[in-house]
Amino acid sequence: MQKFINKLESSLKDGSFVKLTLSKYVGMRHVTSVQSQSMADIRNVYVKPIILRNEKMFSFTYRYERRDETKNYDAEQSLEIITQLISEVFLNASLFTLTEDVSLMISKKGKVTVMSKSVKEVREQNTEHDKVKNRLINLENPWWFKLGLTTREGKVTADMQHKYKQICKYVEIVDGVMKNVKFDGKIRIADMGAGKGYLTFALYEYLTQRCHYDIAMEGVEIRPDLVVKINEIIKESNMKDFRFVESSIEAYACQQVTKSPSHQDIRLVSSETRRLGDSETQLGILIALHACNTATDDAIIKGIESGAKLIICAPCCHKQIRREMEKSGVVNPITQHGIFKERQAVMITDTIRALIMEYFGYKTQIMEFIEMEHTPKNILLVGRKSEAPVDRESILKQIENIKSQYGIERHYLERIFN
Ligand SMILES: C[S@@+](CC[C@H](N)C(=O)[O-])C[C@H]1O[C@@H](n2cnc3c(N)ncnc32)[C@H](O)[C@@H]1O
């Protein structure tokens, strides 16, 4: 039951919820709550997301024997009500998200079965009363064809279906996270290890065209061929305040970075780009998606040092900690088997990253990015700068405990303390 509720909760909160159906009414045997007592002849409940006055809400259709009743709730209330209904009123629940279908079945004897399967097709949410499809990005924008995501007619190509799903999920998550952050003026965004730019373009498009934020976006990429190609697409598409910079993450100089030793190393693509690099604006959002091994740590350091309000990273491989665990010789039954050692390395690496971010005043969340069939690299680590007081001593102790338990001498991100 808890597994189902967890999936429900994350889909309601990260924006991947598509719809939910409650069925197999059990009568009012165990009913205790006020919510349920008024449901004597209920048959089904259908839930779907809607946009009400620019707010994401959830519309509940209560289907009674001879009538329908509709009520709207926010994510928190929806979770509470659905949890109550599946504990008390219904035996079956089917949850559809952008990435998976999850069904919950409770037998008459109370045995709970949860089954899930990932979604193969590209699924979209419908938040406008079954009429207009709510596309997160506009595939008819010319850059999608130029980047190779779509055909000339704006259809996602067969090879890129998976990337498209990832793009949609990513934009939804960032959008949800940004709602809890207050930005002043222009938001400066750096996407480190931006690669071919799909996710960078998607976020740029979404924030400018759909949300009308005033942003300045820089993709930081070490491969010169990609930087040249992407800057051509940006130029041809007249995209304002958006550019790719050829640089390593380590050498990239954010305006507010005080410790960067290599300001001169940055190879800006044209003199025009200096305007963005020299902006007085504080770095608002630091992004690093699938930047290899410790490049994620370098990006986090840039984010923290430049005072980014939001740090979003999807860590890639976790070799540094794995090697530390191997060389330590500490015998730990949990990491005796290779596959568990790998998973443990992922958890340790990202837990320590989160703790260090907490140390510097970030509230952190670790969430599932998207289920990728052939890779475990599906974690998104999000840090939101907070003014709340931090117990730094206790955080350092927690880091030390984890390290000594697994024989880790040093996490690469600890260089931020030097
Ligand atoms: C796996 S791709 C990810 C691309 C994109 N962020 C995404 O998630 O779709 C990683 C990219 O980071 C770049 N990269 C790796 N290490 C880097 C570093 N230290 N500095 C800058 N770019 C780096 C690589 O060239 C590659 O294009």
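## Two packed helices

Helix 10 (residues 319-328) packs against helix 11 (residues 338-359) at an angle of about 120 degrees, and their axes lie 8 Å apart. Axes here are lines fitted to C-alpha atoms, for helices over the stretch in contact, and angles run from 0 to 180 degrees between N-to-C directions. Helices (H or I, at least four residues) and strands (E, at least two) are DSSP runs, numbered from the N terminus. The crossing of helix 10 past helix 11 is right-handed. A crossing is right-handed if the near helix is turned clockwise from the far one by less than a right angle, and left-handed if anticlockwise.

Which residues make the contact? Helix 10 brings Ile 321, Arg 322 and Met 325, while helix 11 brings Lys 341, Glu 342, Ala 345, Ile 348 and Thr 349. Contact means C-beta atoms, placed from the backbone, within 7 Å. By type, the residues are four nonpolar, one polar and three charged. Ala, Val, Leu, Ile, Met, Phe, Trp, Tyr, Cys and Pro count as nonpolar, Asp, Glu, Lys and Arg as charged, and the others, Gly among them, as polar.

## About the model

This is a predicted model: local features need pLDDT of at least 70, side-chain atom pairs count only at pLDDT 80 or more, and totals for chains, interfaces and linings use all residues. Residue numbers start from 1 along each chain as its sequence is written.

An open sheet holds seven strands in the order 10-9-8-11-12-14-13, with mixed pairing. Two strands pair if DSSP finds at least two bridges between them. Strand 10 (242-246) and strand 13 (362-368) are at the edges with a single partner strand each, so one side of each has no neighbour in the sheet. From one strand to the next, the twist averages 15 degrees. Helix 7 (residues 224-236) packs on this sheet and touches strand 9 and strand 10. The direction of helix 7 makes about 165 degrees with that of strand 10.

Inside the sheet, strand 12 (residues 310-314) and strand 14 (residues 379-385) run antiparallel, joined by four bridges. Ile 311 has Gly 383 of strand 14 as its bridge partner.

## Strands 2, 3 and 4

Strand 2 (residues 42-52) and strand 3 (residues 55-64) run antiparallel, joined by 10 bridges. Pro 49 is bridged to Phe 58 of strand 3. Phe 58 also has a bridge partner in strand 4, Tyr 73.

Strand 3 pairs with strand 4 (residues 68-73) in the antiparallel sense over six bridges. How many residues lie between strand 3 and strand 4 in their hairpin? There are three.

## Around the ligand

The ligand has 16 residues around it, and Gly 193, Gly 195, Ile 222, Ile 249 and Leu 289 come nearest. A residue counts as near if its C-beta atom, placed from the backbone, lies within 6 Å. Helix 6 (198-210) and strand 9 (215-221) each give at least two residues to this shell. The shell consists of 10 nonpolar, four polar and two charged residues.

## Two positive phi values

Most residues other than glycine have a negative phi. Lys 24, in strand 1 (residues 17-25), has a positive phi near 60 degrees. Asp 241 sits in the loop between helix 7 and strand 10, and its phi is positive at about 55 degrees.

Asp 241 is partly exposed, with 17. Buried means 20 or more other C-beta atoms within 10 Å of the residue's own, exposed means 12 or fewer, and partly exposed lies in between, with C-beta atoms placed from the backbone.

Key
Two residues are in contact if their C-beta atoms, placed from the backbone, lie within 7 Å.
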